[in-house]
Amino acid sequence: MGSRSLLLVMAILGLFVLPILSTSRLDLMKRKKVSKGFRVELKHVDAGKNMTKFEKLQHAMKRGRHRLQKLNSMAITTGQIETPVHVGNGEFLMSLSIGTPAQSYQAIMDTGSDLIWTQCKPCKQCFDQPTPIFDPTQSSTFSKLPCSSQLCKALSSSTCSGECEYAYSYGDYSSTQGVLASETFSFGDEKVAKIGFGCGEDNEGSGFSQGSGLVGLGRGPLSLVSQLGEPKFSYCLVSIDSSKGSSSLLMGSLAKINDTKEDGSMVTTPLIKNPSQPSFYYLGLQGITVGATRLPIKESTFDLQEDGTGGMIIDSGTTITYLEQSAFDELKSEFISQTQLSVDDSGSTGLDLCFKLPAGADQVQVPKLKFHFEGGDLDLPGENYMIGDSGLGVVCLAMGSSSGMSIFGNVQQQNILVLHDLDKETVSFVPTQCDRV
């Protein structure tokens, strides 16, 4: 057991001890389909820092609250603003190379947006990044995309002066502007030619300084998923404090699961489309059980509304799960009722519900937690929703409340292989030791 963190492990009865493809997208798929699947290493943005698991969670939550606010405001203001604002940021960096000869980068992985971009020379304005800024004049495979290209037409905001110029704004007031270009991208040993990306020459804000750009994995035509023409991708995230192995992003033929698992651990649920936010991956959450008690939540609580609000998305870039306020209130009340610990009301942790640890305690009992998705029930292991810190003397529920949209966050997804199948329009969850993927 670590010097400060408390892991919740053993299980006892009721308790734990701690959109249809467009023609343009189809054309892109035929042109760029990779020869084989590939694996990309993912690294948490706080990996290697001298912080406990609880401290990493608190840092990530500060980033996540702003992301949550922006996700909700995007759903509300869609159709009322001329230039859409994208979510941006994220919690994981993915390794890749750009150009010929290849230049290595670590870019933010974002399942909530589409555009792929990096900073480019000559920079009118560029933020500090951990790797050299990409120089297109040093690559033999770089070319600017014309305004007539399908990818240029897919941009929500673009101008043309002989070449396709883009502008992308994010929720923390960061932005990137430049030209849309085509280049060879390398993912491990796999090289893919003619990937469309933003070559950012005017980039503002500090929201991306932990990486060297961003890779969108959303459902729109500009995303890496759409451009590769691979209908399947999966990721497997190790625990936020893991010192073993790394998280992984799997594309194409490697993004597969054993469909014949007989232990009932695999859960497959349909993806839901939101015309107002076509890039997001929406899930159908129907209810929640704490211990042996099904919470009295109306099934419609998590429904996607006709105006594009509400619903639940799965998001790798948001740290903890956020539930619509009335549902979270029921969850919080039931946890207090079933957990035989005193509530910590100090508010010092930044989490909505914490309990005081008994002096000298090396384990605690907490209720089991189950999410009822359309198509199956997902049992979460204790460490995916309860995080303790013996130094602070607390154990906390790693979830929070939201007004409107709900989000299934990455702490709840750790050590679960999450497969997106865009042909079948499903997401599958398979409990997996992610450091062994």
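I take two strands as paired if DSSP finds at least two bridges between them. Helices (H or I, at least four residues) and strands (E, at least two) are DSSP runs, numbered from the N terminus.

**Entry 1: ground rules.** I am working on a predicted model, where local features need pLDDT of at least 70, side-chain atom pairs count only at pLDDT 80 or more, and totals for chains, interfaces and linings use all residues. Residues are numbered from 1 along each chain as its sequence is written, and side-chain values use heavy atoms, with hydrogens and water left out.

**Entry 2: the whole protein.** I looked up the totals. The protein has 5 helices and 32 strands. Of its 437 residues, 56% count as buried (under 20% relative accessible area; exposed is over 50%, partly exposed in between; 1.4 Å probe, protein chains only). The accessible surface comes to about 17900 Å², and 48% of that belongs to carbon and sulfur atoms (Shrake-Rupley method, 1.4 Å probe).

Entry 3: I picked an open sheet of 4 strands. Their order is S20-S19-S25-S26, with antiparallel pairing. Which strands are at the edges? Strand S20 (293-294) and strand S26 (376-380) are, since each pairs on one side only. I then checked S25 (residues 369-373), which 5 bridges join to S26. Phe373 has Gly376 of S26 as its bridge partner.

Helix H5 (residues 325-338) packs on this sheet and touches S19 (285-290), S20 and S25. The direction of H5 makes about 15° with that of S19 (axes are lines fitted to C-alpha atoms, for helices over the stretch in contact; angles run from 0 to 180 degrees between N-to-C directions).

**Entry 4: Val290.** This residue is in strand S19. Is Val290 buried or exposed? Val290 counts as buried because its relative accessibility is 0%. I listed its contacts (heavy atoms within 4.5 Å), leaving out residues up to four places away in sequence. Among them are Leu295, Leu331, Glu334, Phe335 and Leu369. Val290 and Leu331 are 41 residues apart in sequence, yet 7.4 Å apart in space, C-alpha to C-alpha.

**Entry 5: cores.** I searched for nonpolar cores (buried Ala, Val, Leu, Ile, Met, Phe, Trp, Tyr and Cys residues joined through side-chain atoms within 4.5 Å). The largest has 71 residues; Leu331 is one of those that touch the most other members, as are Met94 and Phe429. This core lies between domain 1 (38-73 + 90-250) and domain 2 (260-431), because both give residues to it. The bounds come from an automatic or database domain assignment. A second, separate core of 16 residues includes Leu93, Trp117, Cys152 and Cys164.
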